[in-house]
Amino acid sequence: MKNILRRLSNPMYIMIYATVGIFLAIYAAGAAAYGDRGFLTLRTFVNMFIDNAYYGISAVGMTMVLITGGIDLSVGAVASLTGMFIAYGTAILHLHPAVCILAALVMGVGLGLLMGWVIEYLNVPPFITTLTGMFLARGVCSLISRESINIQHSMIDALAGWKIYFMHTVNGKWVKVKPIAFINFNVILFIVMIIIGTYILQRTRFGRNIYAVGGNEQSARLMGLPVARTKILVYGFNGLCSVLAGISYALYVKSGWNLSLQGAELDVITCAVIGGTLLTGGVGSMIGTLFGVLLKSIIPALITFNGHLLSWWGKIATGALLLMFICIQRIVVSYSGRKRAE
Amino acid sequence: MNNNILEMKQIEIQFPGVKALDKVDFSLKAGEVHSLLGENGAGKSTLIKCLTGVNKMDAGAIILDGQEIRPQDPGHAMTLGISTVFQEVNLCPNLSVAENIFVGRQPMKYHQINWREINRRAEELLSGFGLKIDVTRPLSYYSTAIQQMVSIARAVDVKAKILILDEPTSSLDTGEVQLLFRVMRELKAEGMGIIFITHFLDQVYEISDRMTILRNGHLVGTYGISELSRVELVTMMIGKDFSQMFELERAEASPDANIALEAEHLGVPGKVEDFSLKIREGELVGFAGLLGSGRTETAEMLFGAVPSSRGSMKLEGHDVKINTPGDALNNRMAFCPEDRKRDGIISDLSIRENIILALQARRGFMKPLTRAEQQELADRYIKLLGIATPDAEKKIGELSGGNQQKVILARWMATQPAILILDEPTRGIDIGAKAEIQKLMLQMCEEGSSVIFISSELDEIIRCSGTVVVMRDRKKVAELAGSECTQQKILEIIAGAA
Amino acid sequence: MKNSKILGAVMAEVLLLLVCLVIRPDFFSISYQPTTGMLYGNIIDILNRSSEITIIAMGMTLIIALGGTDLSVGALVAVSGAVALKLLRWDVLEYNTPGDYTVCNFFWVLVLPLVVCTLMGLFNGFLVAKGGMQPIIATLILMVCGRGVAQILTDGKQFTTGYAPFKVIGQGSFLWLPVPIIITVIVVAFMAWFTRRTAFGTFVEAVGINRSASRLSGINAAMIIFIAFAVTGLLSGVSGLIYSSRIMSNDSNNAGLNYEMDAILAVVIGGTSMTGGKFSLAGTVVGSILIRTIVTLVYYFGIVSEATMAFKALIIAVVIVLQSEPVRNYLSKRRAKKS
């Protein structure tokens, strides 16, 4: 018991506690204010996952990139391009969606690896490299089509319409819970990616090298760790996540559009940061990111329930959350710094 | 009788403008602790960096176990069997203690990292160092001393043939040092060769079998530990200069000169203890003492880089409070820092811009010196100090160390300071430039400035200073003037014999 | 030789225009329109349309030279427009009736947006210089909530105005040239004076290259950072006025969208390194014009107008790769071998 307590008091977890704590506090506040209007239902909770799954999937890769101390601005454009691949491929070229998805995967991972290579070997700052990558992906997207294309394919429809309903027993019979709540493919993909991300970060040498590179790149090199390989692979993996996010978004809106997901990269980064990831690198976790996504999605939910507040208060609240988290991080960092001086 | 596991022969390394190592020989036997001694800039670190592949040597050979090797980088050196604990802790502050020891070579189980095993082995390893700490906490949570121990633990656990410890004890307390020594003795008994770098002489005599002394990139000699007395050793490190130097007049102030600076009971917790000093106009005060004795910290305190938390300071009789370098600048103080690269030069700016920087900072940016004024100042000082450059527009980063130092000196001379603090202005530069800088300091004194001069070369301190302040263990332990300033006496005080 | 880093951008620009000259010389034709008293032509259009980015990039250059970035400039453009339109259409909020008159003095319509943006820049500067935060994350805060502030100011509405003096800022002409070009010239001239005729530029470079050494030389680094962010805020405000005057409206969602990216690109293409240090305002101007030239050219050649973004990315990629350290080292080594 004492052992568990000691382990839980590890300062490594402070940021996760902050994220989870603030999420619970806001959730409780929402429950207190709008509980009677159905805020507490399973449906409201599950909808936060459904509406933000694509952010979450992208945030898995982004968290890793940020932990290495890098940044990737191309994720929104790559996801948008993925949607365009699927839409154009199925609707215009009449290809099988699987072929389109495969092409998108090659594109996304390839671009990620290329950007990683440029960052590591040409010493171009990640910000500029991935910004160029964003322009490129957006540009190719516009080249393919400037109009929104609807996705119509039986497989996509099946995948998008596939739902698992929450059931409970009433008088010995299984019936759907009311109000109806379900999870879909996107939610499962999101959860699976979080689990995969956790596994990589916690259970593989590659994952630990990510932390080491972000903690102190110089030291990582002196310790003989494969810094270059780690950095390049991280951008490749993030490319994969962007493509999966793009698929998820395509299923969500069932169309491809060259201007979709504009600015999504910064929303994804925001999710990671309020999930406790440090932009200076070295600190971050998948659990934190999961709650970061939830925290970011609970704000619009609250505003909808309020009914009077206008949507832009969401932006301000998100900004305030960011400020709060950065301040917490500063305090945590200076706390551990002070500890060291003693 | 040749049981050397490592031999370094005729190592030469050339840095821009200065020969960092000149035909240095070094050897290490299996099962010995070999101390490497010398002041900063003597070439100890360069020799180590050469051995670990950080610096590439220009000539010479490294022979490990009878095989010639050419380490490419520290990772490569490690696979060759050379494990190093560098001076600055080079671990990842965000990873746990246990992980820092095992990252890159974690024990695996079912293709997964076996955290249980990592933590268990880390605990076991560290308890060998007498550390009973929670190894799952991040490294940054612990003191520098513990971090240092962790980095030693990592180096030891690799089971190398050679272990290099570069100033591992600077942040350890006595008990921790003893623990480290116990581990070192155990490793020695197992036949590992250990290269030990430190500036604590007691420790050298306690743990080493042999020692090699370097000075200005030259090998002074290798001796068995019983062959040299402590005073002889200090003499070799900082005593009489080998090169013949011309005579200099000491800058002693006349007794009726005004007091330029009066510091009373200044101090910075953990860095400088209770420091008082009076300097007269035109006086040159030398700070003697070994590395880590508090010389640099005192200088930084006087200049407000690390402001004093107590005591009072008077400049020309007026009370002043100096909390930032800006304050010091406005009170006509000047400071050439020890680490020229990190704290002195602005590498990408031209000589001209570097020279006018402090003067311009005092005027504020809205009152710029005109281009002509800048040019005039730069040209004047380039000529005055004999800075070797085609023109004032060359980047300072492209100059040799000596010339960079002169530019920094010019930066402060241009502000016409009342008090000039020079921290190791002559380190790592060639003999000729050294003499010129010494001459300049004395000239400044003649013109009425007061100079505080910090150096590891005792000879030049004695040669120039009217008063010598001797520092040891973050304290001023003696102040000698005039005929008291003899090499013998100062060495004795530094060595702690008095 | 001194400006070898801006050479990449200049060469790319010249090359683009040369290609253009060969294929379609009429691209360079400039005509005079007596009714508006303005010159028209592609070159004029490039200069005109690049002015918003050029103006912001002047401030961004300082911040990047200090080793930072400012992500909030695009949001500040929206804020500036919102404040201006709110003042111009005060009546709508009060009485909900349309009208083209202002309740406020026109002076305030020009000055208040700038004041608000400068204050927001100061907020950024405070977080960075005093709070010790990374610039990229400190400015992310205003980037995220700046547009929210703009919407709150205008109650989420998009106003339009027909107020003629306001129209001059973005659409008027002076000396036969569009007013935005004139404003840009004034801003560039002022910034050139401010950085090179005072010691501010040298201090920015010194702090960007070696903050520790600058501090020990007596420079107040925090103050320099503060000023750089405030100036960037102010210039974003100017840019916002031009933008909203062009559309005679406020658009909190789209005004200044992606301006931060374009401004940062302009600076980097112009040869200022993202790690800080030496900067070149001239390079930034060229960089900004280059970005706009690409867009205009693609539109002009019409055939592949969808390719704007991709084309832009390719040219930027080439310039940046050519400027990267390893490539430059390799090239200079080869040059040294030849001679």
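How many residues does the contact take from chain C and from chain B?

1. This is a predicted model, in which local features need pLDDT of at least 70, side-chain atom pairs count only at pLDDT 80 or more, and totals for chains, interfaces and linings use all residues. Residues are numbered from 1 along each chain as its sequence is written, while chains are lettered from A and ligands numbered from 1 in the order in which they are written.

2. The contact takes 21 residues from chain C and 24 residues from chain B (contact: C-beta atoms, placed from the backbone, within 7 Å). On the chain C side, helix H10 (200–209) and helix H11 (211–216) are the elements giving two or more residues (helices are DSSP runs of H or I, at least four residues; strands are runs of E, at least two; both are numbered from the N terminus). H10(C) gives the largest share, six residues.

3. Chain B is assigned domain 1 (4–238) and domain 2 (259–495); such bounds come from an automatic or database domain assignment. Their centres, taken over C-alpha atoms, are 33 Å apart.

4. Strand E11 (residues 210–215) of chain B has five of its six residues buried (20 or more other C-beta atoms within 10 Å of the residue's own, C-beta atoms being placed from the backbone).

5. E11(B) pairs with strand E3 (residues 33–37) of chain B, parallel, over four bridges (pairing needs at least two DSSP bridges). Here Leu36(B) stands opposite Thr212(B).

6. E11(B) also pairs with strand E12 (residues 218–224) of chain B, antiparallel, over six bridges. Arg215(B) faces His218(B) across this pair.

Terms used:
Buried ≥ 20, exposed ≤ 12 C-beta atoms within 10 Å, placed from the backbone. Contact = placed C-beta atoms within 7 Å.
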